[in-house]
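Q: Could you take a close look at one part of this model with me? I would like to go through a helix pair slowly, with the cut-offs spelled out.

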Amino acid sequence: MIDIKYSAEVQTAKTAGTAIVALESTIITHGMPYPQNIEVAAQVEQDIRDAGATPATIAVLDGQLHVGLESDQLKMLGQAKGVSKLSRADFAACLASGGTGATTVAATMIAAHLAGIDVFATGGIGGVHKGAEKSFDISADLMELAATPVTVVAAGAKAILDVPKTLEVLETQGVPVIGYQQDSMPAFWSSQSDLTAPLRMDDAGQIARAHAMRQAVGLPGGQLIVNPIPKSDEIPAEILAPIILQAQTEADEQGVSGKAVTPFLLQRIFELTEGRSLTANIALVRNNARLAAQIARELVALHT
Ligand code: PSU
Ligand code: MN
């Protein structure tokens, strides 16, 4: 079994059997600009503590898997240059070669499961990119949700993705996509979309019971909870649509491919919205962290 380095607070929570929420680190290194990235990371951790659970930000530092970062490690990672973006394909290679990498949704799920953590909060998952019929660009996050038993709380899939195709792949892979307290599929920066979420649940206890039931019936894989951004923080889809189109066109023209695509689009949308996309991103991650903490607490209550 691989050696895991736990932060002091995560170690304490594990010993006590209290609620823990995993957090990814790619959002810090590749998803948000410095210095807001480290401020947000610390804020989201605090939101989880305030909601009665323990945050466990996951990363690989010099070949060591960390589940829970101390605040100096978080600050270091947020400023470090040349940090790898780790998904299922390169997670073990990074550990074996002593590298430093931030974990995407897929790699964070793998690490959370190794650490016995059932619930994970993030902003948006990777999905099927627009033009995937030509590029074949489909995030490994989708297959991970089918394979690894972690409940992931996100704000839906970004409009940089082909959301209908993303939902189709999730359905094919047998991943429950559960809208939280609404029928509409949330669209990351907007709380509503024209699509209906395949499932709906209205409280954290119900989500925790569904997580436990998948284990009870022997289904592998996790659940995707799609939690709408608070209305006061959303950006109307009509404002974003032309901006996303422009960012996408630039990516195509510049030949951006592979794992560089998502960070490129996020950065361009941040620039083109003059930072408004980041403000919304922060609000929705915090909102997801609070819901994830409630689900984690309900899961602990189920087992005690
Ligand atoms: N979507 C966001 N913000 C992010 C990401 C996705 O809104 O930071 C990151 C996550 O870590 C996600 C990864 O797992 O990008 C997906 O990358 P790719 O599309 O290369 O699989
Ligand atoms: Mn991709």
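Which residues in H11 meet which residues in H12?

A: Happy to. This is a predicted model, where local features need pLDDT of at least 70, side-chain atom pairs count only at pLDDT 80 or more, and totals for chains, interfaces and linings use all residues. Residues are numbered from 1 along each chain as its sequence is written, while chains are lettered from A and ligands numbered from 1 in the order in which they are written.

From H11, the residues Ile 243, Ile 244, Gln 246, Ala 247, Gln 248, Glu 250 and Ala 251 meet Val 261, Phe 264, Leu 265, Arg 268, Ile 269 and Leu 272 of H12. Contact here means C-beta atoms, placed from the backbone, within 7 Å; helices are DSSP runs (H or I, at least four residues) numbered from the N terminus. The residues of this contact divide into nine nonpolar, two polar and two charged, with Ala, Val, Leu, Ile, Met, Phe, Trp, Tyr, Cys and Pro counted as nonpolar, Asp, Glu, Lys and Arg as charged, and the others, Gly among them, as polar.

As for geometry, the axes of H11 (residues 237-253) and H12 come within 9 Å and cross at roughly 135 degrees. These axes are lines fitted to C-alpha atoms over the stretch in contact, and angles run from 0 to 180 degrees between N-to-C directions. H11 is therefore oblique to H12, the class left over once angles under 35 degrees count as roughly parallel, over 145 as roughly antiparallel and 65 to 115 as roughly perpendicular.

H12 (261-272) is also one of the elements that give two or more residues to the shell around ligand 1.

Key:
Two residues are in contact if their C-beta atoms, placed from the backbone, lie within 7 Å.
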